[in-house]
There are 2 protein chains.
Amino acid sequence: MILVNGQRSDTVSALDRGLAYGDGVFRTLRTHAGQPLWWRDQYAKLATDCAALALACPDEAELLAEISRVAETGEGVVKIILTRGSGARGYASQQGQTCTRIVLAAPLPPHALPDAAVDVTARWCRLRLARQPRLAGIKHLNRLENVLARSEWDDPAIFEGLLCDDSGVVIGGVMSNLFWAKEGELFTPELSLCGVAGVARTRLLRAAMRRGIRARIERSLPDAILAADEVMICNSVIGVRRVARLDDVSWSPAGWTDTLKTALNDDLD
Amino acid sequence: MILVNGQRSDTVSALDRGLAYGDGVFRTLRTHAGQPLWWRDQYAKLATDCAALALACPDEAELLAEISRVAETGEGVVKIILTRGSGARGYASQQGQTCTRIVLAAPLPPHALPDAAVDVTARWCRLRLARQPRLAGIKHLNRLENVLARSEWDDPAIFEGLLCDDSGVVIGGVMSNLFWAKEGELFTPELSLCGVAGVARTRLLRAAMRRGIRARIERSLPDAILAADEVMICNSVIGVRRVARLDDVSWSPAGWTDTLKTALNDDLD
C-alpha cells in the first residue's frame with residue numbers, strides 16, 4: 001500500500017520536484033507489528049534533513065498514523081519520501097509550495113530476515129564520491145552516485161560496495177555506513193563532505209559511548225580498513241553485519257559485530 | 001498536456017526511480033508551430049546522456065511524434081524526462097527494466113519572448129559545485145545543487161546566478177552556460193568535472209568555429225570573467241543573453257551578444 005499525502009495512490013504528479021530535480025529527502029525504516037523501529041532517531045533525522053533543504057517536516061503524529069496504516073502486520077520495511085511538491089518549471093521554488101509526502105510499505109528483504117547470515121562479502125567500488133558539504137550527511141533524493149556505484153557489480157554473492165571520496169578517503173557503503181575496530185577502539189568515517197549519516201550509525205556511536213567503548217570519527221584511507229581487527233556495515237534495515245571478506249582480504253570474527261548487534265537492539269531510545 | 005510513455009497522464013508511478021534516486025536525464029527545448037528547435041543537437045545530447053547512465057534512448061521518430069502532440073501551436077517549451085523506470089526498492093537496477101518517458105509542454109516563459117530584453121543582471125552564488133567526473137556535463141535529474149544555488153536570491157531583477165566549483169574555477173550559470181569575450185576571442189568553462197554541457201553551448205562553439213572566431217574551453221577563475229569585454233549566458237529556451245551587470249560590475253555592449261545571437265539562429269543544423 002502507498003499513501004500520497006495521506007490518500008491511497010500509486011502515483012505522484014509528473015510535475016513533482018522530487019522527480020524533476022531530486023528535490024527532497026527519504027527514510028527507510030523497519031517496522032514490527034505496524035510500529036516503526038528506532039522511531040525517535042528516524043523522525044529526528046527526517047527533521048534534520050528537511051531543515052537542511054528548507055522543507056517543512058511532516059507532523060510526527062500524522063506520519064506515525066500513516067506508517068501504521070501501510071505497514072505489514074509482521075516484520076516489514078517502510079519508506080518515507082518527502083519532496084518540495086509540484087510546481088512550475090524552473091529551479092526556483094514557489095512561496096507556500098506544499099510538500100509531497102509518500103509513505104509506502106515493502107516486505108522485509110531476504111538479507112534482513114532474522115535468520116540471515118551475519119557475515120557478508122564486500123568490494124571496493126571504483127566510483128569516487130564528490131565532496132559537497134552542503135549535501136553531505138543528508139539522505140536526499142540525488143542518489144545517482146549510489147546507482148552508478150551499485151551498477152559496478154551484479155554478482156549476488158557480493159552484498160555491498162565500499163566507497164572513497166575523490167581524495168581517496170573512505171566514506172562508507174553504497175547503502176550502509178561503515179565501522180571498523182582496531183586495538184579495542186571503534187572507528188567510522190567522518191561525513192562532513194559526502195556520504196549519508198544514517199540512523200544505525202548514530203545509534204551505534206551512542207551505544208558504544210554508553211558502554212565505554214571509545215569510538216572515533218575519522219578521515220581514513222582504505223589501508224586503515226584493511227588493517228582492522230573487524231569490519232562492519234550497518235543500516236536501519238539490516239542492522240549490523242560483519243564484513244567477512246573485502247575483495248581478496250578476509251577476516252575471522254573478533255567479537256565486535258555480536259557486541260554491537262546486541263548494543264543496537266538493547267538501546268531502547 | 002503530458003504524455004507518460006505515450007499515454008495522456010498527469011502522473012507517474014510513486015515507485016519510479018526518477019523520483020526515488022533522480023535516476024534519469026532530461027531535456028528542455030523550444031518548439032515553434034509544434035516542431036522542436038535545434039532537434040538534431042537536442043536528440044544527440046539526449047542519446048549521449050542516456051548512454052552515460054546506461055539508459056535506453058527512446059526512438060527518435062516516436063519522441064518527435066510525442067513532442068508534436070503536446071507542443072503549443074505557436075511558440076512554446078517542451079520538457080522530456082527519461083528515467084530508469086519503476087522497480088523494486090534498492091539501488092540495483094533490474095534486468096530488462098523499461099524506461100519511463102515523460103513529454104510535457106509548458107508556455108514560453110516571459111524572459112524567452114522575442115521582445116524580452118537581451119540584457120540581464122546576474123550574481124555570484126556562494127554554493128560551490130562538487131566535482132564528479134562521472135556525472136559532469138550530463139543533464140541528469142540530480143539537481144539539488146541547482147535548487148540550493150537558486151534559493152540564494154529571490155530578487156526578480158536578478159536573472160541568473162553564476163557558480164564556481166569547489167576549487168574556485170568558474171563553471172557556469174544555475175540554468176545556463178557561460179561565455180565571455182576578451183581581445184577578440186571567445187571563452188567558455190571546461191565542464192569535465194561538473195556543470196551541464198548544454199545544447200546552446202555546443203551550437204555557439206560550432207557557430208564560432210564556422211565564422212573563424214577562436215573559441216577556447218578553459219578553466220578560469222572569476223577574475224577572468226570580471227576582466228572580460230563582454231559576458232554572456234545561453235540555454236535552449238532563452239538563446240543568448242548579455243550579462244550587463246554582475247553584482248557590482250557592469251559592462252557596456254561590445255557587440256558579441258548580437259553576433260552570437262545571429263550565429264545561433266542562422267545555424268541550420
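**Reading a predicted two-chain model**

Chain A has seven helices and 16 strands. The model is a predicted one.

Q: What radius of gyration would a compact globule with 269 residues have, and what does chain A have?
A: A compact globule with 269 residues would have a radius of gyration near 18 Å; chain A has 19 Å, which agrees. Along the principal axes, the C-alpha atoms of chain A fill a box of roughly 55 × 40 × 35 Å.

Q: How do strands of a sheet pair?
A: Strands of a sheet pair through backbone hydrogen bonds, and the pairing is either parallel or antiparallel. In chain A, six strands form an open sheet with the order β2-β1-β7-β6-β4-β5, and the pairing is antiparallel.

Q: Which are the edge strands of this sheet in chain A?
A: They are β2 (7–8) and β5 (35–36) of chain A, each of which pairs on one side only. Strand β1 (residues 2–4) of chain A is joined to β2(A) by two bridges, and the two run antiparallel. Leu3(A) has Arg8(A) as its bridge partner in β2(A).

Q: Which helices lie across strands of chain A, and at what angles do they run?
A: Helix α2 (residues 39–52) of chain A lies across β4 (24–32), β5 and β6 (75–83) of chain A, and runs at about 175° to β4(A). Helix α3 (residues 60–70) of chain A lies across β1, β4, β5, β6 and β7 (100–107) of chain A; its angle to β7(A) is about 35°.

Q: How are two packed helices described?
A: The description uses the angle between their axes and the distance between the axes. Helix α5 (residues 199–210) and helix α7 (residues 256–266), both of chain A, pack at an angle of about 100° with their axes 9 Å apart. Angles of 65 to 115 degrees count as roughly perpendicular, and α5(A) and α7(A) are therefore roughly perpendicular to each other.

Q: Which residues in α5(A) and α7(A) meet?
A: From α5(A) come Ala200(A), Arg203(A), Leu204(A) and Ala207(A), which meet Leu260(A), Ala263(A) and Leu264(A) in α7(A). The residues of this contact divide into six nonpolar, no polar and one charged.

Q: How many residues of chain A are in contact with chain B?
A: 44 residues of chain A are in contact with 44 residues of chain B. On the side of chain A that touches chain B, at least two residues each are supplied by β1, β3 (11–13), α1 (17–21), β6, β7 and α4 (144–150) of chain A. The largest share, six residues, comes from α4(A). This side of chain A divides into 22 nonpolar, eleven polar and eleven charged residues.

Q: In which sense do β3(A) and strand β3 of chain B pair?
A: β3(A) and strand β3 (residues 11–13) of chain B pair in the antiparallel sense over three bridges. Ser13(A) stands opposite Thr11(B) in β3(B).

Q: What order do the six strands of the open sheet have in chain B?
A: The order is β2-β1-β7-β6-β4-β5 (chain B), with antiparallel pairing. The edge strands are β2 (7–8) and β5 (35–36) of chain B. In β2(B), Arg8(B) is the bridge partner of Leu3(B).

Note on methods: Residues are numbered from 1 along each chain as its sequence is written. Chains are lettered from A and ligands numbered from 1 in the order in which they are written. This is a predicted model: local features need pLDDT of at least 70, side-chain atom pairs count only at pLDDT 80 or more; totals for chains, interfaces and linings use all residues. Axes are lines fitted to C-alpha atoms, for helices over the stretch in contact, and angles run from 0 to 180 degrees between N-to-C directions. Helices (H or I, at least four residues) and strands (E, at least two) are DSSP runs, numbered from the N terminus. Angles under 35 degrees count as roughly parallel, over 145 as roughly antiparallel, 65 to 115 as roughly perpendicular and the rest as oblique. Two residues are in contact if their C-beta atoms, placed from the backbone, lie within 7 Å. Ala, Val, Leu, Ile, Met, Phe, Trp, Tyr, Cys and Pro count as nonpolar, Asp, Glu, Lys and Arg as charged, and the others, Gly among them, as polar. Two strands pair if DSSP finds at least two bridges between them. The radius of gyration is taken over C-alpha atoms; the globule rule is 2.2 Å times the number of residues to the power 0.38.
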